[in-house]
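Student: I would like a close look at one part of this model: its side-chain contacts. Please take the charged pairs, then the rings.

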Amino acid sequence: MSTQSALLKVMNDAARKASRDLNRDFGELAELQVAKKAPADFVSAADLKAEQTIFEMLTKARPGYGFLGEERGMIEGTDKTHTWIVDPLDGTTNFLHAIPHFAINIALQREGAIVAALTHNPVTNETFWAEKGKGAFVNDKRLRVAARTRMDEAVLATGIPFMGHGQHATFLKELHQISQRVAGVRRFGAAALDLAWVAAGRYDGYWERDLHAWDLAAGILLVTEAGGRVTNAQGEDDVLGTGSVCAGNLEIQPQLLERLRQAAK
């Protein structure tokens with residue numbers, strides 16, 4: 001059992017308040033599915049409302065911190081050393097289709113390093129959280145990455161490029177290199193939860209390209225604090241800047257990286 005710090009409590013309170021609205025909207029959306037009216041506007045309204053709630057609560061608790069959000073972009077703060085990185089609804093397409101797999105993602109960056117992270121799944125009421133140097137947790141349970149060491153026993157997560165987004169040919173080469181060597185590949189449609197589930201040992205590894213800082217920031221800390229390794233697809237540390245990610249435990253991650261390198265040849 002671990003007690004959250006004052007900083008994590010601020011993040012947790014903001015996520016939980018936003019999640020109450022998202023859960024209510026999600027319930028309505030499930031009913032809307034029978035209607036012909038496209039619910040996309042409904043979703044963007046839910047997105048904006050969740051980000052507004054989080055923005056107000058974080059700004060009140062830590063005035064002056066910068067804020068990078070999916071909806072409002074970058075807002076400079078008077079405190080140049082701290083920036084919140086927030087995705088109010090990761091897994092928007094799932095949400096839109098009444099698929100109960102999405103998350104609120106909040107991370108705090110201090111002088112370029114992620115020092116606190118929280119990924120909250122409103123439907124399952126699971127909160128994945130970590131502070132630099134203090135370990136990773138889901139609710140009050142300590143997280144550790146999976147202990148599997150062989151690719152043929154591993155279940156990996158990824159994201160599949162969709163219409164107008166991503167590198168389709170690159171992805172197919174990577175999938176060809178990886179899928180024939182592993183026990184399974186999953187695509188659940190929420191990068192934040194993919195990384196959280198690597199930290200929880202549910203997935204053995206995860207790779208994806210063309211992501212944003214708010215998709216990745218919290219998960220990077222969750223995985224590393226759970227004993228894993230996170231790099232970009234080239235094996236470098238700059239994950240947020242490149243938008244590509246390769247994560248796993250210390251045995252699987254290098255093997256996954258090698259497959260990505262082979263695919264790039």
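Tutor: A salt bridge is a side-chain nitrogen of Lys or Arg within 4 Å of a carboxyl oxygen of Asp or Glu. Keep in mind that this is a predicted model. Lys80 and Glu76 form such a bridge, with their closest N and O atoms 3.8 Å apart. That value falls within the 4 Å limit, so the pair counts. How accessible are the two partners? Lys80 is exposed, at a relative accessible area of 63%. Glu76 is exposed too, at 58%.

By this rule, the count comes to 11 salt bridges. One of them joins Asp25 to Lys49. Here the closest N and O atoms are 3.4 Å apart. Asp25 lies in helix 1 (residues 6-32) and Lys49 in helix 2 (residues 40-61), so this bridge ties together parts 24 residues apart in sequence. Asp25 is buried, with a relative accessible area of 7%. Lys49 is partly exposed, at 35%.

Next, take Asp204 and Arg148. They form a salt bridge whose closest N and O atoms are 2.8 Å apart. Asp204 sits in the loop between helix 5 (191-199) and strand 11 (205-208), while Arg148 sits in the loop between strand 8 (141-142) and strand 9 (155-158), so the pair links parts 56 residues apart in sequence. Asp204 is buried, at 1% relative accessibility. Arg148 is partly exposed, with a relative accessible area of 37%.

Now the rings. A pair of aromatic rings is described by the distance of the centres and the angle of the planes. A search of the whole structure finds nine aromatic pairs. Among them are Trp129 and Phe137, with ring centres 4.6 Å apart and planes at 20°, so this pair is stacked. Stacked needs planes under 30 degrees apart. Both Trp129 and Phe137 are buried.

Phe188 and Trp197 are arranged edge-to-face, because their planes stand at 80°, with ring centres 5.7 Å apart. The cut-off for edge-to-face is over 60 degrees. Phe188 is partly exposed, at 34% relative accessibility. Trp197 is buried, with a relative accessible area of 17%.

Rings can also group. Phe26, Phe95 and Phe102 form one aromatic cluster.

Last, a charge meets a ring. The charged end of Arg72 sits over the ring of Phe55, 4.4 Å from the ring's centre.

How values were computed:
Residues are numbered from 1 along each chain as its sequence is written. This is a predicted model: local features need pLDDT of at least 70, side-chain atom pairs count only at pLDDT 80 or more; totals for chains, interfaces and linings use all residues. Side-chain values use heavy atoms; hydrogens and water are left out. Helices (H or I, at least four residues) and strands (E, at least two) are DSSP runs, numbered from the N terminus. Buried means under 20% relative accessible area, exposed over 50%, partly exposed in between (1.4 Å probe, protein chains only). Rings of Phe, Tyr and Trp (its six-membered ring) pair if their centres lie within 6.5 Å; planes under 30 degrees apart count as stacked, over 60 as edge-to-face and the rest as tilted. A charge sits over a ring if NZ of Lys or CZ of Arg is within 6 Å of the ring centre and within 35 degrees of the ring normal.
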